[in-house]
Amino acid sequence: MKPAFSASLAFLVLLTALVSLARAGGGVTPVHSAATEHSIDSILAGLTLQEKIGQLVQYTGGWSTGPAGRVINDEQRRLIKEGKAGSLLNVIGSSVTHELQKIAVEESRAKIPLLFGLDVIHGFKTTFPIPLAEAATWEADAVELSARVSATEAASAGVHWTFAPMVDIARDPRWGRIAEGSGEDPYLGSVMAAARVRGFQGRSLSDPTAIMACVKHYAAYGGAEGGRDYNTVDVSEQTLRDVYLPPFKAALDAGAGTFMASFNEINGVPSSGSRFLLTTILRDEWAFDGFVVSDWGSIGEMIPHGYAATPAHAAELAINAGLDMDMESRCYFENLQSLVDQKRVSTATLDLAVRRILRMKFRLGLFADPYHASTPEREAKTLRNAAHIEAARNVARKAIVLLKNERGILPLAKNVKTIAVIGPLAHNHRDPVGTWAGPTDTNNVVTLLDGVRAAVPASRVLFAPGCAIDGRDTAGISAAVTVARQADVVLLAVGESEDMSGEACCRSTLELPGRQGDLVRAVHATGKPVVLVLMNGRPLALSWEAANLPAILEAWFLGHETGHAIADVLFGSYAPSGRLPASFPRVTGQVPVYYNHKNTGRPSNDTVHYTSRYLDVASTPQFPFGFGLTYTSFSYADLAITSPRVKATDSVSVRITVKNTGSREGEEVVQLYVRDEVGSMTRPVKELKAYRRVRLQPGQTTSVTLSIAATDLAFTGADMRRRVEPGMFTAYVGPNAAEGLVGRFEVVE
Ligand code: BGC
């Protein structure tokens, strides 16, 4: 058989590379390049069945231990040399990726470059805030910047592909993976999904600073019953299409190169075997031309799901459903050859999967430069450079949400005499990096204590941990109380450990874990003003804290620059500007509590018995979606709908006057929610449709116009088609999902 990579093929490859370089990526799915498809035809024609299967197989290189890389074992070298691996994950560092890539492109017969994948979720060597916190910026540019920096660093270390963005809508904060996504809202989630794809993939996939995005987990993984990871999802097709799928589509429209099938089943069919998801929606409706990878072992997990009888059966179901690459389950590696021999999988199906994977390798430019310009020198210059650290601090402070600030306790005066920094998260290097921090070095975390000491003379700052995050030990609480008594103000840093959220890290209670509640009450009892600084990977239930403490700052897990970012906000060099991307319940038993719920026939009314409510808790959340304070205040007036009657092809504009009524400059996020009053299917009580950030000087007034296309009001009807129905709509414009001025407009035929 002739070598697959002939001279004429090499010319075509070069041409393709030039074409793709010339194409200004611009964040849209590139149209097929005829030259690339032709190159793929030639490669396919020269591959053995075993080599084709190899392209569909991804192995882990073991957990990565840093850019220096780990020593790869001989078994992996052999598989690469024999063309039995198309991709590796968890191998990082320019030297180790070079070494393996060299085997693939020089020693294997087909000479097809490997694809190196890694979970680059919120940073690489510079750790940014967890994605949920980044979503709290409500700023697409900040989120794009974080992904851009992460991509630049990861690409310099030989990574081609990230398993991100995670775009799962999460309405149940018990689910630990809410930390990895953008919260509860499809619109905000879509904005963030697209921003991350743009950031990761840059101008063009072949750019040396680009890494290919993988939108995950397709689909509805966040709908897990009871908020328990990997659990069953039973969801109507309308909710699937209107709530869970929009961020996937937004990521695809932004040019995402790959999708990852989720672990869960949906309505009885595991995603990895769902032809409906992987072919009908993804390929036929959305025309996606990249490839789909399974989640870790998810093809094999169709056996315990009770959907496949054997690994061979699982492989057959997955590839015929449209799943192209097998991450780690080995079902493809061990069974595809016999499935093709038995004609249970057609050569055309196999070739299509290989084609999609090769197409993305071409788009990444790997046939032209299999090393994607990563070198040890570039890596050393790129990782954690000063600009990246500065970007991490910037994004981190934007992610902080001020939840309460009574009597203007914040910002703190810099000349405040004595500050007590208390709590298990006050001087903690491990937890602020959050879940999925990859190759982070926790020594680089600036703790809250470090940040405060850098902002004011260290001699005025006292410290006591008080208690651990979890466990029953209360021994340190009295020392913390003694420290609090000596101070003028207490910064009390409590919350969760990084491993209480993320994969397989779900909680049945959302209150502060361990004895932290005792610590909070004891410190509060000193009578000193307490600023609660929360570090956590999910919304928490904080009704006692919200009722009793004067100031609460939601600081999530902010990454390496935690302490500086929080200090910037505490001392007012940065006025808080974050907004909640998910509702905070009052008590755990209230979940799911999300703002865009349906109304029911007996809408909740806490004073009327026979309504949809609990007897023992208010129906509203503690802090609503979209909520966040700053160091000034705003008023809203004069809501006007510029065209109260519109056609479904028109747009709707809502104008409002916003005034800074406080004494400091500040930013407000003006939010537009819409309710479709009557539909052929019932509609949510509110849905976020647009928002705009404005910065106003004290006393300044501005007019804000938010426009949406009437098509943005579409929903999925009983026939599964999206439609805008004529009728009356209510518009709400305000500072969060629970407040705002109201207007109405009509969509006419
Ligand atoms: C997770 C994915 C991740 C993959 C590879 C799985 O356990 O669910 O989100 O990308 O592992 O690390």
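Me: H9 and H11 are oblique to each other, in what is a predicted model. At roughly how many degrees do the axes of helix H9 and helix H11 cross?

Reply: Helix H9 spans residues 237-244, and helix H11 spans residues 275-285. Their axes come within 14 Å. The crossing is at roughly 55 degrees, so H9 and H11 are oblique, with a crossing angle of roughly 55 degrees.

Me: Is the crossing of H9 and H11 left-handed or right-handed?

Reply: The axes come within 14 Å of each other. As H9 passes H11, the crossing is right-handed.

Me: Now the ligand. How many charged residues are in the shell around it?

Reply: There are 13 residues around the ligand. By class, seven are nonpolar and one is polar. The number of charged residues is five.

Me: How far from an oxygen atom of the ligand is a polar side-chain atom of Asp119?

Reply: Asp119 is among the residues that come nearest to the ligand, along with Arg177, His217, Asp295 and Glu503. A polar contact needs N or O atoms within 3.5 Å. For a polar side-chain atom of Asp119, the distance to a ligand oxygen is 2.5 Å.

Me: What share of the ligand's accessible area does the protein cover?

Reply: Polar side-chain atoms of Lys216 and Asp295 also lie by ligand oxygen atoms, at 2.8 Å for Lys216 and 2.6 Å for Asp295. On its own, the ligand has 310 Å² of accessible area. The protein covers 96%.

Me: Which residue does a cis peptide bond join to Lys216?

Reply: Most peptide bonds are trans. This one is cis, with omega about -5 degrees.

Me: Where is Pro165?

Reply: The peptide bond from Ala164 to Pro165 is cis, with omega near 5 degrees. Pro165 sits in the loop between strand S4 (161-162) and helix H8 (186-201).

Me: What is the phi of Tyr230?

Reply: Tyr230 lies in the loop between S5 and H9. Most residues other than glycine have a negative phi. Tyr230 is not a glycine, yet its phi is positive, at about 70 degrees.

How values were computed
Residues numbered from 1 in each chain as written. Predicted model: local features only at pLDDT ≥ 70, side-chain atom pairs only at ≥ 80, totals over all residues. Heavy atoms only, no water. Near = heavy atom within 4 Å. Polar contact = N/O pair within 3.5 Å; in protein donor to acceptor, adjacent residues only side chain to side chain. Areas by Shrake-Rupley, 256 points an atom, 1.4 Å probe, with all protein chains shown as cover. Nonpolar A, V, L, I, M, F, W, Y, C, P; charged D, E, K, R; others polar. Axes fitted to C-alpha atoms, helices over the stretch in contact; angles between N-to-C directions. Helix = DSSP H or I, 4+ residues; strand = E, 2+ residues; numbered from the N terminus. Parallel < 35°, antiparallel > 145°, perpendicular 65-115°, else oblique. Left-handed = near helix turned anticlockwise from the far one by under 90°.
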